[in-house]
Amino acid sequence: MKKFIVETYYTCTFKTVHKLNDLNDQELSKINSRTDGEVEVIDVKLNNRKTKKIGEIKDSQKKNIKISSPTDHNLSNKIQNNKTSKLNDATRIKIKNNLRFKMPDRRKGYIQKAQIGDHKVYLHTGEYNDGKIGEIFIDTNKEGELVKAMMNNFAIAISLGLQYGVPLDEYVDAFLDTKFEPSGNVIGNDRILSASSILDYVFRELAISYLGKEDLAHTPSIATSKTNSIEDADDKFLKIVKNITSKGFVRSNYEEKLVDLSDVRINLKSKN
């Protein structure tokens, strides 16, 4: 195996600090010729364009090469630290990419149809098995292909953020009360009566359904105190219902959506 000597060039950024007894034009005119300043290295970068191989070297000669000056030693340490930091950043990126919680292939969710002004909006949601929201889709009926594509890609970006662990609260705070057309009265949603934009409506609906933010709703909730303590209930039947029912669809009001048929008797005998 051939080994070569490498002629390495560095680009060094530094600043020189001079101490002045008097601040006047005469002292400032001589500052470029002064050699008593303190030099502070700001940054050192390897110049790959000028670095080149200049000859062959033996293994024994390579072992005898040493850094002769303290400045070269500091430069080599700084370069090594830069390489280490880059490797650490790459490792963090790889670890971050592994933190995505993908949605199950068969998932729960609901579709909410509403009309804002003259525009119909369909909000589709997808949930994890524990009821946590993981994706959304937004469809409109009277928008052009460009707006539809932008809304669809916006929903995909929100879905990816949710799957990487971005809290729904952050999106609600960012997009609530955004104002653009279409806006106005909302028809078809029992909790929201008006919205200042499609995004305001969408994240207001998600906040009410998945975060329980009743202060964002325009109509009172029908939930009872018994419903609010459903998380502590030990009823096996309710646990089964929670596993097969969309949390966003029932807005966590599982008991209000159930009909007790335990005392109902049905006669299935034929009249013949």
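These are my notebook entries from looking through this predicted model.

**Overall look**

I started with confidence, and the mean pLDDT of the protein is 76. I noted that 67% of the residues reach 70 or more. I then checked residues 224–233, where the pLDDT is below 50. That stretch still has 13 contacts in the model beyond near neighbours in sequence.

Next I looked up the secondary structure: the protein has 9 helices and 7 strands. There are 272 residues, and 26% of them count as buried. I also looked at contacts between residues at least 6 apart in sequence, and 57% of those join residues at least 24 apart. For the surface, I found that the protein exposes about 19,900 Å². Carbon and sulfur atoms supply 51% of that area.

I went to the hairpins next. Strand 3 covers residues 111–116 and strand 4 covers residues 119–127. They run antiparallel, with 6 bridges joining them. To get my bearings I picked out Gln-115, which stands opposite Lys-120 in strand 4. This hairpin has 2 residues between its strands, and I found Gly-117 there with a positive phi near 65°.

I followed strand 4 onwards to its pairing with strand 5, residues 133–140. That pairing is antiparallel as well, over 7 bridges. My landmark here was His-124, which stands opposite Phe-137 in strand 5. Between these two strands there are 5 residues, and in this hairpin Gly-131 takes a positive phi near 95°.

**The aromatic rings**

How many aromatic pairs does the structure hold? I got 5. I looked at Phe-154 with Phe-175, an edge-to-face pair at 5.2 Å centre to centre with 90° between the planes. Phe-154 lies in helix 4 (residues 145–163) and Phe-175 in helix 5, so this pair ties together parts 21 residues apart in sequence.

Phe-154 also pairs with Phe-203, again edge-to-face, with 6.4 Å between the centres and 85° between the planes. Since Phe-203 sits in helix 6 (residues 198–210) and Phe-154 in helix 4, that pair ties together parts 49 residues apart in sequence.

**The loop between helix 5 and strand 6**

I moved on to Asp-177, whose place is in the loop between helix 5 and strand 6. Asp-177 has a positive phi of about 70° although it is not a glycine. Is Asp-177 buried or partly exposed? I have it down as partly exposed, at 48% relative accessibility.

Pro-182 is found in that loop too, between helix 5 (168–175) and strand 6. I looked at the peptide bond joining Glu-181 and Pro-182, and it is cis, with omega about 0°.

**Arg-191**

My last stop was Arg-191, in the loop between strand 6 (184–187) and strand 7 (194–195). Arg-191 is buried, with a relative accessible area of 6%. Which side chain does the side chain of Arg-191 make a polar contact with? I found Glu-214, at 2.5 Å.

How values were computed. Residues numbered from 1 in each chain as written. Predicted model: local features only at pLDDT ≥ 70, side-chain atom pairs only at ≥ 80, totals over all residues. Heavy atoms only, no water. pLDDT = per-residue confidence, 0-100. Contact = heavy atoms within 4.5 Å. Helix = DSSP H or I, 4+ residues; strand = E, 2+ residues; numbered from the N terminus. Buried < 20%, exposed > 50% of the residue type's maximum accessible area, 1.4 Å probe, protein only. Polar contact = N/O pair within 3.5 Å; in protein donor to acceptor, adjacent residues only side chain to side chain. Pairing = 2+ DSSP bridges. Phe/Tyr/Trp six-rings, centres within 6.5 Å; stacked < 30°, edge-to-face > 60°. Areas by Shrake-Rupley, 256 points an atom, 1.4 Å probe, with all protein chains shown as cover.
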